[in-house]
Amino acid sequence: MSAVITKTAKPQVSFPVENPAQYSYENLTPYVHPPETKEELPWAELVTLDLEDYDRPGGKERLAKQLEHAVHHVGFFYVKNFGLNQTQIDQQFTLAKHFFELPTEEKAKHEVKYETANYNGWRRAGRSKNGSTVDAVEIFNIPKFTPDFEGKYTRPDLLNAHLPEIEHFSKSLHSNVVLPLLRLFAIVLQLPDEDYLVRQHTYDKKSEDHFRYMIYHKRTPEEHEASGFGHSGGHTDLGTVTLLFRQPVAGLQILGDDGKWTYVSAQPGTITVNLADTISHITGGWLKSSIHRVVAPPKDQWEYERTGLLYFSRPHNDVVLEPIVDSPVLNAAGVKSRFEKPVTMEEWVKAKQTIQLNPEIAAKKYAESGDGTVELIAGFKDRKYA
Ligand SMILES: O=C(O)CCC(=O)C(=O)O
Ligand SMILES: [Fe+2]
């Protein structure tokens, strides 16, 4: 495994669980990855960064070079060799599967506080409309394992029984993927301080990073049709980068510079990474917050649930989302702030998450503007893409 992979802190958190053996992997039916589609689809051509190269002489520079085009134009790429093996990954898929199979009343004990835009916990399906039907998506968000979040959220015993592994998994994604990528972005931006972005994303300080289990439930042909096949869900993500584990059920599409949507394919052993809004804000839009959506899978995959593992990274809550001043690249491009007044990460999260979690508020605001945008904060207009 990669040489990058050594710095993950030891897991600390565990919880008393009655009869934990019932949750051992021997007693949980393992998750089975669905087969890939046989349909010919327009696949996106994305670069793959081998993170094993990161610590070799000249490796960072090679990887940064490989990234230059992707981060400025496409906003999507893959990484491989990130220090978690397939068994560890499959165990997380197994926990996700069993979590979503719990009875609704069990999951409801850990439900998201939608009104206060507090997204950690369980988000039930059916809260938003797509086309003339409601969504079929459930989410379980797990915050960082730091004192800021300790004791604030509950989980079912299924997950409490595995908390040290979940903690290790999520911290590994932060230290083995997010931080190295931030150094590569710093190289692309020619920042004098390679750790500039890393310092805004340290694990221990308060930020809204979270690890996520997600499921898109199966739908009938009529439901797919009524949802408009999911075509109206184009969006950009809120934070720095989003990590998505290999997803064989096709559906994730990227909007290209040419206005065409292409599908992300399921490459073995990879994580798909996309750049998101805040890295775009602090580079005045030069690093691209990629526009993407999840559409109905091809017909030969309609019989499968689409289970996902994701990690959302975000800068510290007190980071001000203004363009970095000492990047020769950004200076040459003449980038400008995207806000009318300085906005902190905490304010940005609250503004965007309020819209994301409360479809009725979003619908009202979109209807008021009438031009497909909504003013989120300080003059910044967010947009939906179809
Ligand atoms: O499930 C996927 O493929 C991507 C999900 C996504 O775009 C999101 O949760 O923001
Ligand atoms: Fe997204």
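In this predicted model, ligand 1 is surrounded by M214, D237, L244, Q247, L252, H292, V294 and G308. Sorted by class, this shell holds four nonpolar, three polar and one charged residues. The UniProt record, an unreviewed entry, places the feature "domain: Fe2OG dioxygenase" at residues 209-315.

The strands concerned are β9 (residues 252-255) and β12 (residues 292-294), which run antiparallel and are joined by three bridges. Strand β9 is also joined to β10 (residues 261-263), again by three bridges and in the antiparallel sense. In that pair, Q253 stands opposite Y263 in β10. The hairpin of β9 and β10 has five residues between the strands, and G259 takes a positive phi near 80° there.

Together these strands make an open sheet of three strands in the order β10-β9-β12, with antiparallel pairing. Because β10 and β12 stand at the edges with a single partner strand each, one side of each is left without a neighbour in the sheet. On average, neighbouring strands of this sheet are turned by 30° against each other, direction ignored.

**The eight-strand sheet**

A second open sheet has eight strands in the order β1-β2-β11-β8-β13-β7-β6-β3, and its pairing is mixed. Its edge strands are β1 (48-50) and β3 (121-123), each of which pairs on one side only.

One facing pair is N141 and R212, the latter in β7.

| Strand pair | Bridges | Sense |
|---|---|---|
| β9 (residues 252-255) and β12 (residues 292-294) | three bridges | antiparallel |
| β9 and β10 (residues 261-263) | three bridges | antiparallel |

Helix α1 lies across β1, β2 (76-80) and β11 (270-275), and runs at about 145° to β2. Helix α2 (residues 86-100) also packs on the sheet, where it touches β6, β7, β8 (241-245) and β13 (306-313). The direction of α2 makes about 110° with that of β13.

Two packed helices are described by the angle between their axes and the distance between the axes. For helix α1 (residues 59-74) and helix α5 (residues 163-188), the axes come within 9 Å and cross at roughly 75°. That angle makes α1 roughly perpendicular to α5. On the α1 side the contact is made by K60, E61, L63, A64, L67, E68 and V71, and on the α5 side by R183, L184, F185, I187 and V188. By class, the contact of α1 with α5 has eight nonpolar, no polar and four charged residues.

Technical notes
Residues are numbered from 1 along each chain as its sequence is written. Chains are lettered from A and ligands numbered from 1 in the order in which they are written. This is a predicted model: local features need pLDDT of at least 70, side-chain atom pairs count only at pLDDT 80 or more; totals for chains, interfaces and linings use all residues. UniProt positions are given in the numbering used here, feature names are shortened, and annotations may be inferred rather than shown by experiment. A residue is near a molecule or strand if its C-beta atom, placed from the backbone, lies within 6 Å of it. Ala, Val, Leu, Ile, Met, Phe, Trp, Tyr, Cys and Pro count as nonpolar, Asp, Glu, Lys and Arg as charged, and the others, Gly among them, as polar. Axes are lines fitted to C-alpha atoms, for helices over the stretch in contact, and angles run from 0 to 180 degrees between N-to-C directions. Helices (H or I, at least four residues) and strands (E, at least two) are DSSP runs, numbered from the N terminus. Angles under 35 degrees count as roughly parallel, over 145 as roughly antiparallel, 65 to 115 as roughly perpendicular and the rest as oblique. Two residues are in contact if their C-beta atoms, placed from the backbone, lie within 7 Å. Two strands pair if DSSP finds at least two bridges between them.
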